[in-house]
Amino acid sequence: MPVEPAPPLATIAAALRRERDRAGISLTELARRAGIAKSTLSQLESGVGNPSVETLWALGVALGVPFSRLVEPPTAAVRVIRAGEGPRVRSEHADFTATLLAAGSAHSRRDVYVMELEPGAVRVAEPHTPRSIEHIVVAAGRMRVGPESDLVDLGPGDYATFPGDAPHRYEALAPGTFAVLVMEHP
């Protein structure tokens with residue numbers, strides 16, 4: 001399996017400091033709310049470490065901001081992300097990689113991701129910010145997705161939507177599964 005490039009550590013560090021300052025909470029309090037070690041958070045704010053998607057989601061929920069606000073660099077007027085590029089974050093529990101393509105503006109708050117999944121371990125996602133909605137379209141392969149209580153199997157071209165503020169999962173049922181995920185945040 002190819003080695004993934006390092007996550008966008010400088011972007012993550014700056015975003016964590018900015019959002020923690022905006023929220024007016026201490027390093028200790030944010031670490032407590034996110035359920036991570038204070039030393040881990042301190043390293044992330046210093047631009048070192050290797051945050052998993054689970055750690056970043058927990059921090060986003062604790063800060064009340066979408067995941068994308070923690071990983072997306074500032075944008076130019078015209079922006080192109082070539083295939084295989086962009087801020088990629090891997091799961092520590094499943095063969096799951098998410099690449100943020102676009103984050104919604106302050107008014108629309110929609111984030112667009114490309115997801116690559118392989119059969120094996122399941123990516124179980126904790127609830128996101130309240131009233132989050134996920135939209136997913138499978139481009140290749142097959143996957144099982146949705147809230148734990150209402151999973152659906154999808155194939156190429158299939159679309160599903162479900163609440164993102166409840167525990168949910170993404171599971172590849174075929175090698176080379178590839179999907180586009182749109183997250184809406186209130």
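Guide: Among contacts in the protein chain (heavy atoms within 4.5 Å) between residues at least 6 apart in sequence, 65% join residues at least 24 apart. This is a predicted model, in which local features need pLDDT of at least 70 and side-chain atom pairs count only at pLDDT 80 or more, while totals for chains, interfaces and linings use all residues. Residues are numbered from 1 along each chain as its sequence is written, and side-chain values use heavy atoms, with hydrogens and water left out.

The secondary structure of the protein chain comes to five helices and ten strands; helices (H or I, at least four residues) and strands (E, at least two) are DSSP runs, numbered from the N terminus. Of the 186 residues of the chain, 43% count as buried, where buried means under 20% relative accessible area, exposed means over 50%, and partly exposed lies in between, with a 1.4 Å probe and protein chains only.

Helix H3 spans residues 38-45, and its buried residues are Leu 41, Leu 44 and Glu 45. They cover an arc of only 95° around the axis, which puts them on the same side of H3; the arc is that of the directions from the helix axis to the C-beta atoms. What covers these buried residues includes helix H1 (9-23), helix H2 (27-34) and helix H4 (53-63).

One of these neighbours, H1, can be followed in detail. Two packed helices are described by the angle between their axes and the distance between the axes. H1 and H3 pack at an angle of about 115°, with their axes 7 Å apart; such axes are lines fitted to C-alpha atoms, for helices over the stretch in contact, and angles run from 0 to 180 degrees between N-to-C directions. H1 and H3 are therefore roughly perpendicular to each other, since angles of 65 to 115 degrees count as roughly perpendicular, under 35 as roughly parallel, over 145 as roughly antiparallel and the rest as oblique. On the H1 side, Ala 13, Leu 16, Arg 17 and Arg 20 meet Leu 41, Leu 44 and Glu 45 of H3. The residues of this contact divide into four nonpolar, no polar and three charged, where Ala, Val, Leu, Ile, Met, Phe, Trp, Tyr, Cys and Pro count as nonpolar, Asp, Glu, Lys and Arg as charged, and the others, Gly among them, as polar.

Gln 43 also lies in H3, and at 42% relative accessibility it counts as partly exposed. The C-alpha atoms of Gln 43 and Ala 13, 30 residues apart along the chain, are separated by 8.6 Å. Just after H3, Gly 47 takes a positive phi of about 85°.

Elsewhere in the chain there are strands, and two strands pair if DSSP finds at least two bridges between them. Strand E10 (residues 177-184) has a covered face, made of Thr 177, Ala 179, Leu 181 and Met 183, and an uncovered one with Phe 178, Val 180, Val 182 and Glu 184. Eight bridges join the antiparallel strands E3 (residues 110-117) and E10, with Val 114 standing opposite Val 180. Seven bridges join strand E5 (residues 133-140) to E10, again antiparallel, and there the bridge partner of Val 137 is Val 180.
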